[in-house]
Amino acid sequence: MLNFLYHIPGIYMALIIVGMTVFSVFFGYAIVKYFHWLEVDAEQRALALMMVSIITTINSLLVAFAAISVWGNYNDADRTVASEAISASELARDLSVFGSRDADAADLDLRTYLVRVVEAEWPSMQRQQRADPGTEICFNKVFESVSLLSPTTPRQTILLSEVMARMNEMVKFRQQRLQGLVVCMPLTLWAVILIVSAMSFVLLYVLPPRPFDIFLIGCWACTLGLAFFFIVAVDHPFAGDFSVTSSALQEAIENLTQSHVWPAL
């Protein structure tokens with residue numbers, strides 16, 4: 001439902017989320033005051049404001065929990081990409097010293113795969129939140145090439161175990177990265193946060209339409225809007241302007257080229 005937000009610049013995403021939050025709050029406030037739905041005396045107003053402090057505390061805890069949860073998922077995705085890049089670098093170096101034509105062919109397939117991840121799969125992950133079928137084919141080709149290696153010396157036998165270990169790590173980290181495409185905050189948690197937020201504002205509507213009271217309501221609306229923006233921005237680790245980048249994989253390709261493990265393009 002909110003996927004379109006990940007296809008626009010981050011500043012516009014922030015303006016839309018914060019703006020809609022503030023607009024919704026003041027629209028509800030205007031409706032309540034226009035129809036005189038919450039006409040209360042001083043004692044009732046004091047009780048309502050006491051309840052506001054309790055509800056806002058609970059709401060703040062819910063928002064903080066959600067923010068920590070999505071930030072944890074975001075960091076996990078970032079670490080997965082870094083681990084994938086490290087495993088790819090180690091695999092490339094092992095293949096380069098293996099000393100056979102099959103290993104050279106596998107090394108070339110690995111380079112093709114990494115370039116394909118950066119140039120084709122990453123844009124697909126950011127815009128469509130799905131893997132690139134062509135990149136999957138390249139990865140399967142790497143695995144097939146590695147599985148065809150046949151050691152002819154004791155040294156190659158030892159290297160082959162390292163190569164297979166790095167290849168299995170590549171499989172694991174790739175799967176973890178692709179699983180991150182479907183990671184998001186549960187709708188149930190979103191619903192609870194929005195309902196509790198609405199309750200806190202409804203109780204604030206007992207405040208009279210004085211400039212200072214309106215300013216207080218606006219500050220709370222902006223605070224929640226910014227919190228919602230942060231949660232939405234990092235809820236999908238590989239989507240939008242604030243997504244995890246492919247810089248770790250790009251650096252791996254550049255380092256392998258500069259160290260002459262791979263020839264320059």
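Residues are numbered from 1 along each chain as its sequence is written, and side-chain values use heavy atoms, with hydrogens and water left out. In this predicted model, local features need pLDDT of at least 70 and side-chain atom pairs count only at pLDDT 80 or more, while totals for chains, interfaces and linings use all residues.

Helix packing comes first. Two packed helices are described by the angle between their axes and the distance between the axes. Here axes are lines fitted to C-alpha atoms, for helices over the stretch in contact, and angles run from 0 to 180 degrees between N-to-C directions. Helices themselves are DSSP runs (H or I, at least four residues), numbered from the N terminus. The axes of α2 and α5 come within 9 Å and cross at roughly 155°. That angle makes α2 roughly antiparallel to α5, a label given to angles over 145 degrees. The crossing of α2 past α5 is left-handed, meaning that the near helix is turned anticlockwise from the far one by less than a right angle.

A second pair is formed by α3 and helix α4 (residues 133–147), which pack at an angle of about 165° with their axes 9 Å apart. This makes α3 roughly antiparallel to α4, and α3 passes α4 in a left-handed crossing. Residues that meet here include Leu110, Tyr113 and Val117 in α3 and Cys138, Phe139 and Val142 in α4.

Charged side chains come next. Side chains of opposite charge can pair when their charged atoms come close. A search of the whole structure finds 11 salt bridges, each being a side-chain nitrogen of Lys or Arg within 4 Å of a carboxyl oxygen of Asp or Glu. One of them joins Glu90 and Arg166, whose closest N and O atoms are 3.2 Å apart. Glu90 lies in helix α2 (residues 42–96) and Arg166 in helix α5 (residues 154–179), so this pair ties together parts 76 residues apart in sequence. With 34% relative accessibility, Glu90 is partly exposed, whereas Arg166, at 13%, is buried; buried means under 20% relative accessible area, exposed over 50% and partly exposed in between (1.4 Å probe, protein chains only).

Another salt bridge links Glu121 with Arg174, the closest N and O atoms being 2.8 Å apart. Because Glu121 lies in helix α3 (residues 101–128) and Arg174 in helix α5, the pair ties together parts that are 53 residues apart in sequence. Both Glu121 and Arg174 are buried. Salt bridges that share partners join Glu84, Glu121, Glu136, Arg174 and Arg177 into one network.

A few single residues complete the picture. Gln156, in helix α5, is buried with a relative accessible area of 6%. The side chain of Gln156 reaches the backbone nitrogen of Thr152 at 2.8 Å. His36 lies in the loop between α1 (10–35) and α2 and has a positive phi of about 55° although it is not a glycine. At 53% relative accessibility, His36 is exposed. His260, in the segment after α8 (247–258), also has a positive phi, of about 65°, and is exposed at 69%.

Note on methods
Helices (H or I, at least four residues) and strands (E, at least two) are DSSP runs, numbered from the N terminus. A polar contact is a pair of N or O atoms within 3.5 Å; within protein, one must be able to donate a hydrogen and the other to accept it, and residues adjacent in sequence count only if both atoms are side-chain atoms. Angles under 35 degrees count as roughly parallel, over 145 as roughly antiparallel, 65 to 115 as roughly perpendicular and the rest as oblique. Contact means heavy atoms within 4.5 Å.
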